[in-house]
Amino acid sequence: MSDHTTADPAGAIDYIAVEQSSRFRTLKRTQRSFIFPLAAFFLIWYFVYVLLAAFATEFMAQRVWGDITVGLLFGLGQFVTTFAITMGYVAFANRRLDPLASEIREDLEKAQGDA
């Protein structure tokens with residue numbers, strides 16, 4: 001199967017062929033190799049926080065400094081982790097995903113224009 005996108009005589013692009021192309025499969029595989037491990041990490045981190053809050057209340061209530069507790073630090077850590085994952089994904093997408101997606105889009109636009 002060719003990696004080049006073609007339009008049929010009616011000008012319609014064969015999106016099934018695009019989806020099955022090696023470049024598009026590489027794009028999906030690259031995105032998933034980043035997203036799935038980070039999603040698993042974050043869900044585990046979140047559930048550890050929830051379970052500690054529910055079942056290790058003495059640990060979570062330990063004061064670290066003044067009225068700041070371990071639970072509060074873990075809760076704030078959830079926000080920090082969310083922002084870090086978001087920034088990491090944006091950087092990854094800009095560096096690895098967007099160039100490949102742009103190539104695919106340009107080929108589709110060219111094929112549509114040639115039709």
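**Exercise 1.** Does Gln78 count as buried or exposed, and at what relative accessibility?

First, the ground rules. This is a predicted model, where local features need pLDDT of at least 70, side-chain atom pairs count only at pLDDT 80 or more, and totals for chains, interfaces and linings use all residues. Residues are numbered from 1 along each chain as its sequence is written, and side-chain values use heavy atoms, with hydrogens and water left out.

Step 1: get the cut-offs. Buried means under 20% relative accessible area, exposed means over 50%, and partly exposed is in between (1.4 Å probe, protein chains only).

Step 2: apply them. Gln78 has 8% relative accessibility, so it counts as buried.

Step 3: Gln78 sits in helix α4; helices here are DSSP runs (H or I, at least four residues), as are strands (E, at least two), numbered from the N terminus.

Step 4: find the neighbours. Contact means heavy atoms within 4.5 Å. Setting aside residues within four places in sequence, Gln78 is in contact with Phe42, Trp45, Tyr46 and Tyr49.

**Exercise 2.** Work out how helices α2 and α4 are oriented to each other.

Step 1: take the geometry. Helix α2 covers residues 22-55 and helix α4 covers residues 70-114; they pack at about 175°, with axes 10 Å apart. The axes are lines fitted to C-alpha atoms over the stretch in contact, and angles run from 0 to 180 degrees between N-to-C directions.

Step 2: classify. Angles under 35 degrees count as roughly parallel, over 145 as roughly antiparallel, 65 to 115 as roughly perpendicular and the rest as oblique. α2 and α4 are therefore roughly antiparallel.

Step 3: sort the residues of this contact. They split into 19 nonpolar, ten polar and four charged. Here Ala, Val, Leu, Ile, Met, Phe, Trp, Tyr, Cys and Pro are nonpolar, Asp, Glu, Lys and Arg are charged, and the others, Gly among them, are polar.

Step 4: see what is tucked away. Arg23, Leu27, Thr30, Phe34 and Trp45 of α2 are buried, and α4 is included in what covers the buried residues of α2.

**Exercise 3.** How many aromatic pairs does the structure hold?

Step 1: rings of Phe, Tyr and Trp (its six-membered ring) pair if their centres lie within 6.5 Å; planes under 30 degrees apart are stacked, over 60 edge-to-face and the rest tilted. The structure holds five such pairs.

Step 2: Tyr46 and Phe47 make an edge-to-face pair, 5.6 Å centre to centre with 65° between the planes.

Step 3: ring pairs also link Phe34, Tyr89 and Phe92 into a cluster.
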